[in-house]
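These notes are meant for someone opening the model for the first time. They start with the whole chain and then turn to individual places.

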Amino acid sequence: MQTDIFTTLEELNKEIHSFRIEDETTLEAFRIKFLGTKNILKDLFGEIKNVPNERKKEFGQVINAIKAGAEERFLSAKEVMDASKAKNSFKDLDLYLPDDTAHKGSRHPISLVLSKIVSIFERIGFTVAEEREIEDDWHNFTAMNTPDDHPARDMQDTFYLKDSVTRLLRTHTSSVQARVMTSTQPPIRIIAPGRVYRNETISARSHCQFHQVEGLYIDEKVSFADMKQTLLYFAREMYGIQTEIRLRPSYFPFTEPSAEMDVYWGLKDEVDHRITKGTGWLEILGCGMVDPAVLTNCGIDAEKYSGFAFGMGIERQAMLLYRVSDIRMYFENDVRFLKQFHSVG
Ligand code: DAH
């Protein structure tokens, strides 16, 4: 009897390991036979009562090992089968179907407004010039007719690099004018979009980093009228074909004469009154004829050439276009804010 039961166990073990598992049906047959609620092993466990006491322990160990072997075989066969099932399921995959699980990103509002401005100027022959954000004093100030002791330096609170009196984070994109003029001879027709930095207290209306677009046009006989027409074209492309502009006299060290340009925003509702402080006019940019001293500083013949330049802030224009009330939102990267933006058309 004893030998019989141990022989039976051995045969059973062989059967478990030689059982042909080829597909889901045979896997299920294996499970029912060796692991199901009425499996063969269960009956054999009952045989323990016929095993002599001194071999009961051995019997228990053998039968448990066989059971563990059956479980292991089942699990590994199942794993192989699941993996090949997953692989085969690609056969039915239609790669042309739209994927509804992917979340589309949206462009940052500042980047949308920047590209709109860039494309407006590209259409009339301006090309994009991009330059460094870490500048030197000379390109940011001195070349732009703002020497060391010039009071206009105080207009822009500057971040200097640690342990440096000459290296700084550019305070305006006007530094690109100096970069371009010192490396190219006219005709020059560029716009320079980019980030600028000023040591200002962060609030709903101002930030220590923001974006500007600079424009520079130098050639023979460039006049104030050319500038006015270019900026009128810009304002109408940007804010609508009916848009009116006005130029107010102003002061910038690098232009002479200098002006600030307003667009007529209107006073249709209470919000407009607040935006334009009740005047209907809104300041958009600074501009002027390039000061001959700037041309000379940068190695351009001021007798032969003249030009105009302009510079505008992007955040404020984006705030107007999108009715955003707090400038800080542009820099917080909160997806709930960002996903609202598509295009300014
Ligand atoms: N750089 C000036 C600023 O940041 C803006 C500006 C004014 C740029 C007049 C110009 C200009 O090119 O002609 O406030």
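1. Surface. The protein has an accessible surface of about 19800 Å², and carbon and sulfur atoms hold 53% of it. Areas come from the Shrake-Rupley method with a 1.4 Å probe, and for residues only the protein chains shown count as cover.

2. Basis. This is a predicted model, in which local features need pLDDT of at least 70 and side-chain atom pairs count only at pLDDT 80 or more, while totals for chains, interfaces and linings use all residues. Residues are numbered from 1 along each chain as its sequence is written, and side-chain values use heavy atoms, with hydrogens and water left out.

3. Overall form. The protein contains 13 helices and nine strands; these are DSSP runs, helices being H or I of at least four residues and strands E of at least two, numbered from the N terminus. Its radius of gyration is 39 Å, well over the 20 Å from the globule rule for 345 residues, so the protein is more spread out than a compact globule. That radius is taken over C-alpha atoms, and the rule is 2.2 Å times the number of residues to the power 0.38. Along the principal axes, the C-alpha atoms fill a box of roughly 120 × 50 × 35 Å.

4. Domains. The assignment gives domain 1 (2-91) and domain 2 (109-341), with bounds from an automatic or database domain assignment. The C-alpha centres of domain 1 and domain 2 are 79 Å apart.

5. Of the 345 residues, 41% are buried; buried means under 20% relative accessible area, exposed over 50%, and partly exposed in between (1.4 Å probe, protein chains only). Among contacts with a separation of 6 or more, 66% are between residues 24 or more positions apart, a contact being heavy atoms within 4.5 Å.

6. Isoleucine 21. This residue sits in the loop between helix 1 (2-18) and helix 2 (24-35). Isoleucine 21 counts as buried because its relative accessibility is 18%. Beyond its neighbours within four places in sequence, isoleucine 21 contacts Thr26, Leu27, Phe30, Arg73, Ala77 and Met81. Arginine 73 is 52 residues from isoleucine 21 in sequence, with 9.6 Å between their C-alpha atoms.

7. The loop between helix 9 and strand 8. Threonine 276 lies in this loop, between helix 9 (270-275) and strand 8 (281-290), and is buried at 4% relative accessibility. Not counting residues up to four places away, threonine 276 touches Trp265, Gly266, Leu267, Trp281 and Leu282. Lysine 277 is in that loop between helix 9 and strand 8, but is exposed at 76%. Phi of lysine 277 is near 50 degrees, a positive value in a residue other than glycine.

8. Helix 11. Seven of the nine residues of helix 11 (residues 314-322) are buried, so this helix is largely enclosed by the rest of the structure. The buried ones are Ile314, Glu315, Gln317, Ala318, Met319, Leu320 and Tyr322.

9. Backbone points to check. Most residues other than glycine have a negative phi, and most peptide bonds are trans. Proline 186 and proline 187 are joined by a cis peptide bond with omega about 5 degrees, and proline 187 is in the loop between helix 7 (174-183) and strand 4 (188-197). The bond from glutamate 256 to proline 257 is also cis, omega being near -5 degrees; proline 257 belongs to strand 7 (residues 255-264).
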